[in-house]
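Subject: Structure for you to look at

Hello,

Here is the structure I said I would pass on. My notes follow below it.

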Protein chains: 2
Amino acid sequence: MLVSELVAHTGVPLATVKYYLREGLLMPGEATSATRSVYGEEHVRRLGLIKELAGIGLSISRIKAIVALIDNPGPSLFEALGAAVSTLPPSPEPGRHRPGADVESSIDSTSVLRLLGWTGAVNWPAVRQLDQALAAASAAGMPMDAERLANYALHMRAIAEFDIDHMPRESASAAVEYAVLGTALYEPIIAALRRVAHAELAASLLEPEGKVPHVP
Amino acid sequence: MLVSELVAHTGVPLATVKYYLREGLLMPGEATSATRSVYGEEHVRRLGLIKELAGIGLSISRIKAIVALIDNPGPSLFEALGAAVSTLPPSPEPGRHRPGADVESSIDSTSVLRLLGWTGAVNWPAVRQLDQALAAASAAGMPMDAERLANYALHMRAIAEFDIDHMPRESASAAVEYAVLGTALYEPIIAALRRVAHAELAASLLEPEGKVPHVP
């Protein structure tokens, strides 16, 4: 497709596409004449990735670092994975669902709750938050499927059970304080534990026996 | 203690303490004369809470809303919990560990990794991130204990296993892209699932049978 078609297809403005080309975030198209290039699926996909990374609050230089690792992961996949993920902030902003993006295929919170046998009311703020996060993943081309969601939900429910079992009952005030701080302070710990577990599993899977893994 | 001692004990400047008193975030001390009040443990604790909520990026008006719910949870604990937690942003900034804060009792990543039988290297960014999140929780008076950490880690490892099992293997580039997007897009989903599970469990525990739970 021509650059005008790439613009129409992705919704990324021409000036922005040109900027990404200049900065090396977007790979060049295939030149068909001195003034014309054609672009393909890889360009659509890359623009989707850049949009998503910008949408979760990453600066252009961080996006550049990630794109460089995707284009050239180097000899150690373990190190490339570690370097790419560590470019993300500890708490990425939740992706914003862009209206008009194609998210029809997304699993939404209603089906999630039915799948889990949960009664959750749609007016709960947490349910709306779940819907937004699911829509953002879909819009970025990484929709959750039912299997992954059931797996994640099972484990988060088990953690939530531990939390509720340990909620102080001596006063409503103490319970509210526990809920607020337990949400705000333990979410970053949960995210960090998952990242450590990823590194741990990736090391045993990808690193040669006995080598001490190192992430720069 | 006198207000000067409260300042010395908490490290919160006098002007800030006065501002919190005026705004109603900090409850008044007990007046011992026309110009003197004494303060106690509840004031120290409240200043710690305010500091923590400010540290994770909450505005004064949001902190005020949470403090109001702690001081006056109202007749439905379920609704107070929901309203307080929904005042938090979907992705609270990870708390910053303030140097000098008393976190000696905190469990650190080295003991965590030993506890879990993980080999994790201290130079992994994820391990440093875990340390910072653990220190922030400790500094806020909500340290993780070994039991909670083992519980959380077990479940996050199970989720990480699912993630790594589904990592594309056709190219290193695809694996890096999957790792970046799967971290950035699925962390908010994981956090939302935990919040929905909390609401679900709190509803069944606290709400009268048959009542449709409502969080404003």
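I will start with one residue, B:Arg148, which touches A:Phe162, A:Asp163, A:His166, A:Tyr178 and A:Tyr186 once its neighbours within four places in sequence are left aside. Please keep in mind that this is a predicted model. B:Arg148 sits in helix 8 of chain B, residues 146–165. Its relative accessibility is 7%, and because the cut-off for buried is under 20%, B:Arg148 counts as buried.

The partner to look at is A:Asp163. Between B:Arg148 and A:Asp163 there is a salt bridge, with the closest N and O atoms 2.8 Å apart. B:Arg148 belongs to helix 8 of chain B and A:Asp163 to helix 8 of chain A, so this pair joins two chains. The two side chains are also listed as a polar contact, at 2.8 Å. A:Asp163 is buried as well, with a relative accessible area of 3%.

A:Asp163 has a salt bridge to B:Arg194 too, where the closest N and O atoms are 2.9 Å apart. That pair also crosses between chains, running from helix 9 (residues 172–206) of chain B to helix 8 of chain A. Both B:Arg194 and A:Asp163 are buried.

B:Arg195 counts as buried at 6% relative accessibility, and A:Glu187 counts as buried at 9%.

How many salt bridges are there between chain A and chain B? The count is 8. A search of the whole structure, over all chains, gives 14.

Now the interface as a whole. Across it, 27 residue pairs are in polar contact, with both residues at pLDDT 80 or more. On the side of chain A that touches chain B, the elements giving two or more residues are helix 3 (41–55), helix 4 (60–71), helix 5 (77–86), helix 6 (109–116), helix 7 (125–139), helix 8 (146–165) and helix 9 (172–206) of chain A. Helix 9 of chain A supplies the largest share of that side, 32 residues. Sorted by class, the side of chain A that touches chain B holds 70 nonpolar, 14 polar and 13 charged residues.

The contact draws 97 residues from chain A and 97 residues from chain B. The size of an interface is often given as the accessible area lost when the parts come together. For chain A and chain B, about 9500 Å² is buried between them, and 74% of it is on carbon and sulfur atoms.

Last, the nonpolar core. The largest one has 143 residues. Those with the most contacts inside it are A:Leu53, A:Val176, A:Ile189, A:Leu193, B:Leu53, B:Ile189 and B:Leu193. Which residues does A:Leu193 contact, leaving aside its neighbours within four places in sequence? They are B:Val112, B:Trp118, B:Leu130, B:Leu149, B:Tyr152, B:Ala153 and B:Met156.

Regards

Note on methods
Residues are numbered from 1 along each chain as its sequence is written. Chains are lettered from A and ligands numbered from 1 in the order in which they are written. Side-chain values use heavy atoms; hydrogens and water are left out. A nonpolar core is a set of buried Ala, Val, Leu, Ile, Met, Phe, Trp, Tyr and Cys residues joined through side-chain atoms within 4.5 Å. Buried means under 20% relative accessible area, exposed over 50%, partly exposed in between (1.4 Å probe, protein chains only). Contact means heavy atoms within 4.5 Å. Buried area is the accessible area (1.4 Å probe) that two parts lose on being put together, summed over both. A salt bridge is a side-chain nitrogen of Lys or Arg within 4 Å of a carboxyl oxygen of Asp or Glu. A polar contact is a pair of N or O atoms within 3.5 Å; within protein, one must be able to donate a hydrogen and the other to accept it, and residues adjacent in sequence count only if both atoms are side-chain atoms. Helices (H or I, at least four residues) and strands (E, at least two) are DSSP runs, numbered from the N terminus. Ala, Val, Leu, Ile, Met, Phe, Trp, Tyr, Cys and Pro count as nonpolar, Asp, Glu, Lys and Arg as charged, and the others, Gly among them, as polar.
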